[in-house]
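Please look over the chain shown here before reading on.

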Amino acid sequence: MGAAQGSCEAAWLTPSFSRWTLRGMFDVVVVGGGVVGCAVARRFTLQGARVLLLEKAADILSGASKGNSAILHTGFDAPADSLELACIQAGHAEYLAIREQLGLPLRASGAIVAAWSAEQAQALPRIVAAAHANGVADAREITSAEILHREPGLSPAVLGGVLVPGEALIDPWSAPLAYLLQALENGAEVRRQTELYSGTFSGIWNLQTSTGAVQAKTLINCAGLYGDVVEERLLGATHFTIRPRKGQFVVFDKAAAKHLGTILLPVPEAHTKGIVLTPTIFGNLLVGPTAEDQEDRARAATDEGSLRMLVARAEAMLPALRGMPVTAAYAGIRPATEEKHYRVRHEPAQNYIALGGIRSTGLTAALGLAAHAWALHNGTQSLIRAPIPAPIAFPIWPQAPRLAEHDTRDWQAPDHGEIICHCEMVTRREIEAALAGPLPARDAGGLKRRTRAGMGRCQGFYCHASLAALTAGRFA
Ligand SMILES: Cc1cc2nc3c(=O)[nH]c(=O)nc-3n(C[C@H](O)[C@H](O)[C@H](O)COP(=O)(O)OP(=O)(O)OC[C@H]3O[C@@H](n4cnc5c(N)ncnc54)[C@H](O)[C@@H]3O)c2cc1C
């Protein structure tokens, strides 16, 4: 904790709060270590708050943030004048501003919204007009000839499109990891395998968790797929209901990536953003996601029929994919709700903020949502209850793992030990780094997200034994 924070805590010390109480008291408890919670923990820590993040899983990014399309959106197709649009654009801008200091990658691929039918082609001028109204001034219609000039591998059946140059690709796991690492390096705490069970507010929050009691002045609910459950546990009722929406993906072999350089978006549908064909920052080609409503909040199973449909859609758009091997399939679950918009709730009388229902743009919007939560908190904080000290003047900037295909990787540097995962060229030094530091990987998924070990062509078949030896006794 910075010196400024300590002195400010002393400034609001009243006889009713002993120093003993203060040591166990946090300015802010963030519930949930998805991308939104990680960004919120960072923002409030940098503003000078004493922050604790609770995550019920063994490792962070175990919920909705585990599987997404990894696109940094511009908001060109977001609902006009919405909080979602504002957070997407603020989040996108902040990502660009901080990414080099955190060592985070960006592939400025741009996107094309492609029309494959006369009906879709008719929608293109409307998409451009909406993009311009949303402030995405460089979005423009392009002809099929221009599309095929940019992307010669695409099917000539494409009728035209909208070019959105600002859409980009990022690493969906290193980014939130870096946000939380920065919070930790600057004084925050994280408790994993710690589920919030209940809480009561009486001037401060008294919280019961699976690892003991916690006190906090402010509580921020970032529980994603369980946001409504957490709200009910804390307030006795919830203002939204999570309706989990699964999205399945197929990952093509790295050899496929040379056939497409731009994100290929469909003409948007009412229900979802539709099926995307996109390169990834890791050098793969990805097609998906589906949009399937389900009851289960945790089970992200794939099924053969959907995967075949995705492969067929991808091959129809990009014929060179025919016969191309598939490396992997996975599914993510969106924390959708009964309404389309973000379900943000602020209860100033209880120092409670919920960032709920962040269904399909949260990777981009997380930094913007964190700034929004800070503004909500800051606008209403009472001098008695929840003052936050001055921002940290010289924050520490930790470095995220560098895993982007177009960056220099660790295996290209000397003294990396040996290569453990040959498909993804992951070194022993990278594995050891992921198992050390302030937020070591706590399960196999966490290690994969920090290093990509086991995520390649053989899906861990060859490196499994080496990984088991390196991680023996390390996982929860
Ligand atoms: C298929 C798909 C594609 C997507 N594509 C994109 C994209 O290209 N670009 C983009 O910007 N966004 C995209 N998104 C959206 C983005 O992934 C989500 O908006 C984001 O991950 C939501 O994060 P979250 O932090 O709100 O929730 P989560 O990631 O679910 O995090 C919530 C965390 O809270 C924890 N938790 C729950 N209850 C408790 C409790 N009681 N105590 C302690 N911890 C608890 C959970 O374990 C979980 O880790 C996509 C999403 C999906 C599913």
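Pro289 sits in the loop that runs between strand E15 (285-288) and strand E16 (292-293). In this predicted model, the peptide bond leading from Gly288 into Pro289 is cis, and its omega is near -5 degrees. Asp81 is not a glycine, yet its phi is positive, at about 55 degrees.

Helix H4 (residues 83-102) packs on helix H7 (residues 174-185) at an angle of about 75 degrees, and the two axes are 11 Å apart. An angle from 65 to 115 degrees counts as roughly perpendicular, and H4 and H7 are therefore roughly perpendicular to each other. From H4, the residues Tyr95, Ile98 and Leu102 take part in the contact, and they meet Ala175, Ala178, Tyr179 and Gln182 of H7. By residue class, this contact of H4 with H7 has 6 nonpolar residues, 1 polar residue and no charged ones.

Next come the domains. The domain assignment divides the chain into domain 1 (3-65 + 173-241 + 339-380), domain 2 (107-169 + 243-334) and domain 3 (410-471). Taken over C-alpha atoms, the centres of domain 2 and domain 3 are separated by 30 Å. Domain 2 puts 6 residues into the contact between them, and domain 3 puts in 7 residues.

Domain 2 and domain 3 also come together around open space. Each of these two domains gives at least three residues to the lining of the second largest pocket. This pocket holds about 550 Å³ of space. Its lining has 29 residues, and those closest to the pocket centre are Lys66, Trp173, Val251, Tyr330 and Met455. Strand E17 (326-334) and H12 are the elements that supply two or more residues to this lining. Which of the elements gives the most to the lining of the second largest pocket? It is E17, with 5 residues. Sorted by class, the lining of the second largest pocket has 16 nonpolar, 9 polar and 4 charged residues.

Rolling a probe the size of a water molecule over the atoms shows where empty space is left. How many cavities of 30 Å³ or more does the model have? The count is 2. The second largest cavity holds about 50 Å³. Around it stand Asp59, Ile60, Leu61, Trp173, Leu177, Gly446, Arg449 and Arg450. Helix H12 (residues 444-451) gives the most to this lining, with 3 residues. Domain 1 and domain 3 each supply at least three residues to the lining of the second largest cavity. The classes there are 4 nonpolar, 1 polar and 3 charged.

How values were computed: Residues numbered from 1 in each chain as written. Predicted model: local features only at pLDDT ≥ 70, side-chain atom pairs only at ≥ 80, totals over all residues. Heavy atoms only, no water. 1 Å grid on protein atoms, 1.4 Å probe; cavity = no way out; pocket = protein on both sides within 12 Å on 5 of 7 lines; lining within 4 Å. Points joined across faces, edges and corners; volume = space filled by probe spheres on them. Helix = DSSP H or I, 4+ residues; strand = E, 2+ residues; numbered from the N terminus. Nonpolar A, V, L, I, M, F, W, Y, C, P; charged D, E, K, R; others polar. Domains from an automatic or database assignment. Axes fitted to C-alpha atoms, helices over the stretch in contact; angles between N-to-C directions. Parallel < 35°, antiparallel > 145°, perpendicular 65-115°, else oblique. Contact = heavy atoms within 4.5 Å.
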